[in-house]
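Trainee: May we go through this structure together? I would like to begin with the pocket and then turn to the sheets.

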Amino acid sequence: MKTLKYILIPLCAVLFFTMSCQDEDLEIGDIITPTNIQMDVEIIGVDASNPNGDGTGFVKFSAKADNAFTYIFNFGDDTDNVVSTGEAIHRFTQVGVNAYTVTVIASGTGGAQSSKSMIVEVYSSFEDQEAKDFLSGGPGTSKTWYWAADKPSNIGLGPNEVSSGGEHRYPAWFQSNAWHPDKLCMYDAEMVFTQAADGTLTFEQTVGDAYVPGTYAGNLGVTGDTCHGADVVPSLAGVKNVQLVPSTSIATIDQNDPDNEPYRGTTINFSDGGFMSWYVGSSSFEIIEITDSTLEVRVTEPGYAWYCLFQTEKPVQP
């Protein structure tokens, strides 16, 4: 009887394991690859005089596929976008008429994917070479930026909604002191912009972690108002491609506040989730003002606008 008992126990275990695996297979469902991908393109501003668009660089994309749940657009300019609707608007910024191979990847159940590509020729007239040279030092060179930790208002906070007093254009709610005590962990950050000989601009944070304010920390499930590494913010690591694009925020559009100088009208866009030390889930940092040695930018999260001040001189804490 003991021998029979010992045989039955592992046999039952095998049967239980097999039934469990079958249950898991049923939960996953069939793997279905999307088919019949269709992609439509509308270049904004096309007419008889402008066959490649009006110079803004905006293009609307629409994709459909059978059995697809999400769509990934790879725009052919080192940027991409993931959407569930199949609808996307993208701005191409390389000056002149340029051809881009745009690929849409349709994802179905079980991670099955299929793709379709097409070539789009777009005209863009936007250029801010001066800002590019300020950031990097010029073609073929690099420049390192630091937090302006020794200056007051190196970080500030204000609303991101239009207000009668113009508070959405400056840090009306909070302005830090120099060497602000709860931000000391971020002041050692070093950020490098590099411009290749052909004008291509890249960025890398070579020293320091990501600072996550309390307003955004809940989205990551971490402690706020402190620094976190690439284990929390993976996009902190690596070289990012950089595009300078026309600004479209409410702060740039609303230039009527007499107490504030007009914004520059240029925004820094980082690829692959890149950012300049201050992390609120955005890869777009709008330039307020830039010189050869100072940079003031505005970055937003829902409901909030943050103001960051950087400089090329490494600050020394007294």
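Trainee: Which strands and helices each supply at least two residues of the lining of the largest pocket?

Mentor: They are β4 (80–83), β5 (87–91), β6 (96–107), α2 (129–136), β15 (240–246), β16 (266–270), β17 (284–290) and β18 (294–301). Helices (H or I, at least four residues) and strands (E, at least two) are DSSP runs, numbered from the N terminus. Please keep in mind that this is a predicted model, in which local features need pLDDT of at least 70 and side-chain atom pairs count only at pLDDT 80 or more, while totals for chains, interfaces and linings use all residues. Residues are numbered from 1 along each chain as its sequence is written, and side-chain values use heavy atoms, with hydrogens and water left out.

Trainee: Which element gives the largest share of that lining?

Mentor: β15 does, with six residues.

Trainee: How much space lies in the largest pocket?

Mentor: About 1400 Å³. Of the 50 lining residues, Thr 93, Gln 243, Leu 244, Val 245 and Asn 269 are the closest to the centre. On a 1 Å grid over the protein atoms alone, a pocket is an open set of points where a 1.4 Å probe fits, with protein on both sides within 12 Å along at least five of seven lines; lining residues have an atom within 4 Å of a point. The volume is the space filled by probe spheres set on the points.

Trainee: How do the residues of the lining divide into nonpolar, polar and charged?

Mentor: There are 15 nonpolar, 24 polar and 11 charged residues. Here Asp, Glu, Lys and Arg count as charged, Ala, Val, Leu, Ile, Met, Phe, Trp, Tyr, Cys and Pro as nonpolar, and the others, Gly among them, as polar.

Trainee: On to the sheets. What is the order of the open sheet of four strands?

Mentor: The order is β4-β3-β6-β7, with antiparallel pairing. β4 and β7 are at the edges with a single partner strand each, so one side of each has no neighbour in the sheet. Two strands pair if DSSP finds at least two bridges between them.

Trainee: How many bridges join β6 to β7?

Mentor: β6 and β7 (residues 113–124) pair over 12 bridges, and Val 97 stands opposite Tyr 123 in β7. Their hairpin has five residues between the strands, and Gly 110 takes a positive phi near 70° there. On the β3 side, five bridges join β3 (residues 70–74) to β6, with Thr 103 in β6 as the bridge partner of Asn 74.

Trainee: And what is the order of the open sheet of three strands?

Mentor: That order is β1-β2-β5, again antiparallel. Its edge strands are β1 (35–43) and β5, each pairing on one side only. β2 (residues 58–66) and β5 pair over five bridges, and Phe 58 has Arg 91 in β5 as its bridge partner.

Trainee: New topic: which cysteines does a disulfide join?

Mentor: Cys 185 and Cys 227 are joined, with 2.1 Å from S to S. The pair links distant parts of the chain, 42 residues apart: Cys 185 is in the loop between β10 (174–175) and β11 (190–195), and Cys 227 is in strand β14 (residues 226–228). A disulfide is a pair of cysteine sulfur atoms within 2.5 Å, and the structure holds one.

Trainee: Is Cys 227 buried or exposed?

Mentor: Cys 227 is buried, because its relative accessible area is 15%. Cys 185 is partly exposed at 33%. Buried means under 20% relative accessible area, exposed over 50%, and partly exposed in between (1.4 Å probe, protein chains only).
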